[in-house]
Amino acid sequence: MTPGRLLLTPEDKGAAARVQRLRLLGLGERAEPEFDAFADRVADVAAAPYAMVNFVGEHRQFFAGLHQPGDRPLVAVAEADGADPEPVRHLGREYGFCPHVVVRGKALVLEDIRDYPRFASNPAVDELGVRSYMGAPLVDREGLALGTVCAIDLEPRPWGRSGLETIKALAAELAERIEQERTGAAGDRA
């Protein structure tokens with residue numbers, strides 16, 4: 001890293017182990033209705049227009065659960081050949097704040113992203129219009145952050161301590177559910 005330059009996408013020393021664990025659990029490659037429903041719940045609880053269940057790989061992040069308004073999708077909608085349009089569910093790791101949450105292993109709340117020089121130049125701010133973010137890691141029983149649960153708004157939001165505690169509780173709930181539902185299946189494949 002060049003001295004004086006902000007690290008936009010954090011170095012991710014745990015990426016290889018995380019990708020291996022995600023493959024073992026069958027996560028991070030396809031949209032799943034249960035994760036879409038969870039993202040809907042996060043959006044409802046946070047009163048946010050956008051919410052995601054996001055698994056972070058070595059080079060991209062994948063939104064296995066996605067809630068966004070139909071009239072203003074944050075993640076572009078791809079037209080399939082004659083089929084109903086589908087949301088694009090992946091972005092590079094340089095977009096957004098979930099890769100930071102995964103590397104840190106701790107929740108992150110940005111009430112107005114422009115107030116944080118480290119994050120203000122992220123492409124999600126200028127290209128997607130994101131102004132407010134709160135996310136918490138999905139940590140498995142071995143302590144590995146697999147991804148995040150997050151809520152996003154295009155306006156500054158006073159998430160506050162209650163928002164932080166809420167997003168952490170939602171992430172812990174989903175992480176436990178993943179462990180309960182997927183660990184047995186992963187053990188069968190090992």
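User: Two strands pair if DSSP finds at least two bridges between them; on that basis, how many residues lie between strand 1 and strand 2 in their hairpin?
Analyst: Three residues separate strand 1 from strand 2 in the hairpin. The strands run antiparallel and are joined by six bridges. Helices (H or I, at least four residues) and strands (E, at least two) are DSSP runs, numbered from the N terminus.

User: What sort of model is this, and how are residues numbered?
Analyst: This is a predicted model, in which local features need pLDDT of at least 70 and side-chain atom pairs count only at pLDDT 80 or more, while totals for chains, interfaces and linings use all residues. Residues are numbered from 1 along each chain as its sequence is written, and side-chain values use heavy atoms, with hydrogens and water left out.

User: How many helices and strands are there?
Analyst: The protein has six helices and eight strands. Along the sequence they follow the pattern α-α-β-β-β-β-β-α-β-α-α-β-β-α.

User: What is the strand order in the sheet?
Analyst: The sheet is open, with six strands in the order 5-2-1-8-7-6 and antiparallel pairing. Strand 5 (90-92) and strand 6 (108-110) are the edge strands, each pairing on one side only. From one strand to the next, the twist averages 25°. For such angles, axes are lines fitted to C-alpha atoms, for helices over the stretch in contact, and angles run from 0 to 180 degrees between N-to-C directions.

User: Is strand 1 covered on one face or on both?
Analyst: Both faces are covered. Tyr50, Met52, Asn54 and Val56 are buried on one side, and Ala51, Val53 and Phe55 are buried on the other. Buried means under 20% relative accessible area, exposed over 50%, and partly exposed in between (1.4 Å probe, protein chains only). In strand 2, six of eight residues are buried.

User: Which helices lie against the sheet?
Analyst: Helix 1 (residues 15-25) lies across strand 1 (50-56) and strand 8 (145-153), at about 90° to strand 8. Helix 2 (residues 33-46) touches strand 1, strand 2, strand 7 (132-139) and strand 8, and its direction makes about 70° with that of strand 2. Contact means heavy atoms within 4.5 Å.

User: Why does glycine 147 count as buried?
Analyst: Glycine 147 counts as buried because its relative accessibility is 0%. Glycine 147 sits in strand 8 and, leaving aside residues up to four places away in sequence, touches Asn54, Phe55, Val56, Val102, Ala136, Pro137 and Leu138. Phenylalanine 55 is 92 residues from glycine 147 in sequence, yet the C-alpha atoms are 4.1 Å apart.

User: Which residues touch the most other members of the largest nonpolar core?
Analyst: Phe35, Val42, Phe55, Leu138, Val149 and Leu174 do, in a core of 30 residues. Helix 6 (160-189) is among the elements that each supply at least two residues, and helix 6 gives the largest share, seven. A nonpolar core is a set of buried Ala, Val, Leu, Ile, Met, Phe, Trp, Tyr and Cys residues joined through side-chain atoms within 4.5 Å.

User: What does leucine 174 touch?
Analyst: Leucine 174 touches Phe35, Phe38, Val53, Leu138 and Val149, not counting residues up to four places away in sequence.

User: New topic: which residues are closest to the centre of the largest pocket?
Analyst: Val19, Gly28, Glu29, Gly57 and Arg60 are the closest, out of 13 lining residues. Helix 1 gives the most to the lining, with three residues. On a 1 Å grid over the protein atoms alone, a pocket is an open set of points where a 1.4 Å probe fits, with protein on both sides within 12 Å along at least five of seven lines, and lining residues have an atom within 4 Å of a point.

Methods. Pairing = 2+ DSSP bridges.
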